[in-house]
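Here is a friendly tour of one model, meant to be read with the viewer open. Take a look at the chains before reading on.

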Amino acid sequence: MENHGKRHGGRPSTSRRAFLATSAAASLTAGVAGCMGGSGSGSSEPVTYISNNNSPQFQEMLTGFADQFEEERGIEVDIEFTEIGGDYGQRVSQLIQAGNPPDIINAEQFRIGAYATQDILRPVDDIIEAVEEEEEEVQDKFGFVYEGANRLVPAVSSVTNNWYRTDVYDELGLDAPTTWEREREAAQAIMEADNDLYGLGYTTSATVYGSYHAWCRLWGNGAQVATRDGDTVEVALDSGANRDRVREVLERAQQMVEYSPTATNWDWGEIYESYAGGTTATAVYSGGRPKTQSIGQDREWADTTKRVNNSYNSSNQNSSLGNSAATGYALLQGSDNPEGAKEFVQYMVTGDRLVEYARALRFHNIPIYESWYEPGSAYREGWDYLNENFEEETIQSEREALFSDNTQPFTAETEPANPYASPAFTSFQLGQMFYDVTEGGLGIDEAIDQAATTLRENTGME
Amino acid sequence: MTDIKVDTLRKEFSSDAGKIVAVDDVSFTVDDGEFVCIVGPSGCGKTTLLRCIAGLERPTSGQIKLGTEEVTDVPPQNRNLAFVFQDITLYPHMKVWENISYPLKLDGIGPDDRYEKAQEVADTIQIGELLDKYPGELSGGQQQRVAIGRSIIRSPRAYLLDEPMSDLDAKLKKEMRVELQRIQQQVGGTMVYVTHDQEEAMTLSDRMLVMDDGNIQQFGSPQKVYHEPNNLFVARFIGSPEINLLAASPVSDTGETVSVEDTDWTVDTGIQASSVPGRVTLGFRPRHTTVARTTNPDGLGGEVALVESVGDENILYVDTKVGEVRVVVDIEEYPVSEGDSVEIGVERSYLFDRDTGDTIAKSTEHQPDREDTVET
Amino acid sequence: MSTVSDGVRAVVPTRWQRKTNGVLASVFERDKTLLALCLTPALALFILIALLPMVWAFNLSLYEVSTLSPIWEWTGPGRLVDIVTSSGFQIAFGRSLVFGFGSVAFQLIAGVGLALLVNKEFKGAVLARALALLPYLVPAVVIGMVGQFMLNAQYGIINLLLLRVGVLDNPVAFLGLPETAMVTVMIVGSWKFAVFVTLLTLARLQSIPEHFYEGATMCGANAYQKFRDITLPRIKNVILIAALLRTLWMFNKFDIIYIMTRGGPGESTTTIPLLAYEIAFNQYNLGEAAGIAALMFVFLAAWSVLYFRVAEPEQEVRVA
């Protein structure tokens with residue numbers, strides 16, 4: 001692992017900065033990027049932060065944090081918001097390649113491994129320590145450790161929720177979809193009862209959500225994507241008993257798509273929209289959007305939407321295993337003002353700022369500080385949206401799930417954490433595998449082999 | 001070749017202002033091999049009539065027959081008629097030979113045969129050397145020849161020409177007229193030729209059809225139409241310079257003598273009509289008019305305002321009490337210059353019913369004694 | 001003459017005037033200098049915005065570069081060979097061919113057809129023309145999203161209509177099935193650009209005089225022959241140029257596919273640009289992505305040269 005960056009050590013390598021000097025076009029790019037800096041107050045450069053959230057509400061809020069921060073600490077912060085329709089990862093890589101990395105980027109556990117393995121993330125242990133001192137202990141599963149150091153400062157997290165419509169389930173006398181079999185029975189009954197409502201949205205697509213859904217399904221059967229052997233991380237999909245577990249999941253997938261609309265191209269938007277729009281009665285989601293969208297669209301099932309944990313195969317498992325996905329901030333190597341950046345990140349993930357930020361997320365992403373779930377906490381006190389739309393039962397159920405040992409990030413399949421979980425995730429190979437066996441016409445073993453091969457080629461796993 | 005029979009043909013257009021009758025129940029027959037010009041002022045319906053024959057317009061009612069075949073409802077491409085347009089319709093992306101032989105292409109004839117046939121036709125119309133040029137490289141006259149060439153290549157049942165020479169200059173027009181007559185003699189064929197130029201119609205046609213306001217005013221040989229106009233409109237439209245027309249009233253019942261209104265002039269017409277209405281128009285062509293220089297004209301006369309010299313002849317514009325009178329005289333016989341005071345004599349004249357415009361009568365022959373009268 | 005110009009003349013020394021005259025004269029009299037002066041700005045722009053990025057991409061493709069790392073490791077030109085021989089690239093290239101040529105065929109047929117339709121005189125023709133040109137103003141993002149919405153199997157209007165009319169028995173996820181996704185993306189992506197063809201064609205059609213058609217009618221031509229002999233030659237060049245431009249554009253088309261399918265379902269709409277994107281930003285392999293971009297450039301350049309050789313779209317139609 002440590003040698004990753006120098007794998008081809010024998011060959012001549014050139015640094016981006018060296019190349020810059022000879023390339024007029026590139027220095028033009030760098031120049032343009034550099035323009036955003038400007039000269040900061042005092043001797044140090046302003047802290048630069050590329051934000052992935054460009055909605056007007058977030059722009060205003062984050063700019064407000066920056067202004068307040070500058071007033072209090074005298075450190076200037078420049079925030080660049082990704083253009084509407086622009087791609088966040090694209091913009092960040094542009095700046096990195098131009099030799100002008102920003103101090104702070106948004107990071108999520110799904111993706112942070114890809115940055116970490118390139119050795120471009122600064123350690124953030126000191127920030128986390130300071131945050132813990134100010135708020136409370138941050139559980140390890142919300143962070144991301146690479147080469148012995150924390151690389152992610154988490155702000156909020158989401159948890160795997162299997163949302164379902166209790167109005168429909170109750171009317172048909174169905175059990176909550178806690179296990180595979182209950183989920184299947186319910187889906188079948190719903191399909192038979194009402195032509196316009198599908199049992200669930202069983203997604204088999206090579207998209208971000210498709211990968212998420214696939215991974216959750218694998219976990220529901222105790223299957224793993226990766227395993228560790230000392231310093232190497234191996235693809236586990238196609239080997240040993242784990243392969244049988246994977247096969248069972250794919251067999252189940254072939255069965256379950258019958259109760260779902262065609263979801264071969266679904267991403268996050270399609271799954272929550274199908275639920276909020278009244279097409280499906282059950283939806284697995286990372287976070288609260290199926291419910292918050294139903295609330296936002298004023299649906300009659302907004303109130304009757306409840307959650308259970310990621311469903312599991314009760315024939316060989318006796319508890320659920322779900323995913324937690326924290327999002328927060330990471331600091332890039334080679335940026336100009338790391339000290340200011342640390343201060344600003346700490347500022348954003350604590351106190352009133354985090355309350356305001358977390359509330360803006362509408363209980364889709366939820367706090368990583370357990371005390372915040374208590375009625376009367378600064379977070380909940382006076383926040384009508386949450387207290388009026390969410391029953392205490394649902395709030396506490398999410399809390400319980402998030403802090404339970406049965407909820408882990410995808411990186412936790414190995415110990416130490418699997419840094420290649422994130423390239424494996426964003427390669428969409430798991431979603432692709434589900435697609436291959438349902439719509440793509442591949443045999444199950446063929447699909448497993450193909451996914452495993454591609455993962456070995458495109459991630460750092462062996 | 002065929003004759004063309006048109007029977008009570010009517011064509012109406014609807015417009016914002018309401019219904020417009022372009023062709024008003026017209027009937028006539030063009031004989032096989034005949035050259036007929038349809039002539040009239042613009043808007044008289046002549047082009048619409050021609051387009052109805054071609055099939056480009058659908059008549060409102062009436063019948064068209066080519067020979068024995070009734071074609072009123074036959075689409076234009078199946079009538080086998082050639083049409084030459086006012087705007088030359090050569091295709092700019094086709095060479096001359098392709099343009100000429102285009103109808104053959106539509107018949108599915110191969111390029112070699114077409115080229116050969118086009119060569120033949122081009123030789124006939126004397127543009128044999130232009131076959132491989134593009135229309136853009138030709139003069140206006142050459143282009144129109146190509147258009148004519150295209151119309152004759154397939155031996156159509158008849159040729160319809162819609163003012164084909166209106167865009168050519170005067171000299172070219174004269175040449176092309178001769179050429180067209182030559183071609184017609186060579187290929188033989190029924191031709192219907194629309195023009196607004198009465199002179200063109202006079203020179204070209206076997207018979208001419210004078211139209212006004214959707215109606216046929218007269219259909220006959222150029223001589224007949226010129227000398228025996230059916231009505232005031234035909235008399236005015238045919239002949240250049242235009243006929244002189246004066247409001248008059250008969251002195252005698254037969255119209256032999258008429259007095260010009262608002263003057264004390266009388267004119268002896270030599271006409272012997274059975275009955276003459278009280279209000280007539282006296283017409284006499286400038287060529288049937290004489291002048292004599294006199295300081296004190298007795299009767300019809302006035303001052304020469306303008307002398308227009310056209311070859312051996314002079315056209316005199318004489319200002320009289322009742323307006324301008326045009327006279328065409330031989331330069332040597334009547335040496336008159338501007339400013340001269342002249343007396344006008346009428347050799348031959350027409351009387352028209354001033355209310356209906358119909359011709360009442362005309363002087364049958366040249367009357368030498370009239371000259372004396374005028375001259376004294 | 002005027003006091004102002006007199007004043008200026010008095011201020012400017014004659015020596016200077018003589019000097020500027022001399023310089024200007026030498027510039028304008030020497031053709032090469034003048035040529036260089038005129039071409040340099042355009043050339044500089046071209047180099048900056050077209051050539052340099054290309055060279056940069058070519059160079060980049062010779063290195064192993066992670067999207068997220070500023071370290072470049074030399075791998076050499078063998079990388080391009082690896083890309084060309086990889087099945088992933090070849091399959092995506094095939095999809096690009098299908099998408100590119102299929103889209104252009106659709107655009108030409110629909111575009112010219114629409115132009116022919118709205119060129120006819122009928123009630124509301126002006127409105128129809130304006131409406132036909134409207135989609136050209138709509139951004140691809142909007143078209144993609146609206147298209148996705150309309151094509152949705154559950155609440156999309158298209159499924160609803162087809163079900164009502166009885167064409168379909170069950171809703172079809174047009175974008176979710178490998179059999180329909182490519183065609184659907186092609187049509188939605190082309191619908192807007194068909195109007196581009198309509199625009200070009202319509203301008204040409206309007207310049208064809210009506211009597212050309214009447215002349216052909218009198219020669220005995222039927223509707224098809226009139227189209228073949230009059231309309232087509234007049235719009236041929238426009239169509240050829242449009243075909244070239246559109247092929248280039250459609251080959252590079254990224255937005256509409258990305259928005260509507262992200263290359264899916266599975267990989268059934270993963271064309272070359274989507275593959276490059278996926279490799280750069282999901283697999284974080286910038287070097288390989290640059291190699292794909294460079295190869296795409298080579299292919300498109302070759303296609304353009306071939307096209308100009310064969311179709312000669314620059315051969316302007318002779319117009320009288």
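## About the model

This is a predicted model, where local features need pLDDT of at least 70, side-chain atom pairs count only at pLDDT 80 or more, and totals for chains, interfaces and linings use all residues. Residues are numbered from 1 along each chain as its sequence is written, while chains are lettered from A and ligands numbered from 1 in the order in which they are written.

## Chain C

Chain C holds 14 helices and two strands (DSSP runs, H or I of at least four residues for helices and E of at least two for strands, numbered from the N terminus). Of its 320 residues, 38% count as buried, meaning 20 or more other C-beta atoms, placed from the backbone, lie within 10 Å of the residue's own.

## Where chain C meets chain A

This contact draws 33 residues from chain C and 48 residues from chain A (C-beta atoms, placed from the backbone, within 7 Å). On the chain C side, α3 (31–60) and β2 (71–74) are the elements that give two or more residues. That side divides into 19 nonpolar, 10 polar and four charged residues (nonpolar: Ala, Val, Leu, Ile, Met, Phe, Trp, Tyr, Cys and Pro; charged: Asp, Glu, Lys and Arg; polar: the others, Gly among them).

## A helix pair in chain A

In chain A, the axes of helix α10 (residues 240–256) and helix α18 (residues 429–438) come within 9 Å and cross at roughly 60° (axes are lines fitted to C-alpha atoms over the stretch in contact, with angles from 0 to 180 degrees between N-to-C directions). That makes α10(A) oblique to α18(A), since angles under 35 degrees count as roughly parallel, over 145 as roughly antiparallel, 65 to 115 as roughly perpendicular and the rest as oblique.

The contact is made by A:Leu250, A:Ala253 and A:Gln254 of α10(A) with A:Phe434, A:Val437 and A:Thr438 of α18(A). By class, these are four nonpolar, two polar and no charged residues.

Key. Contact = placed C-beta atoms within 7 Å. Buried ≥ 20, exposed ≤ 12 C-beta atoms within 10 Å, placed from the backbone.
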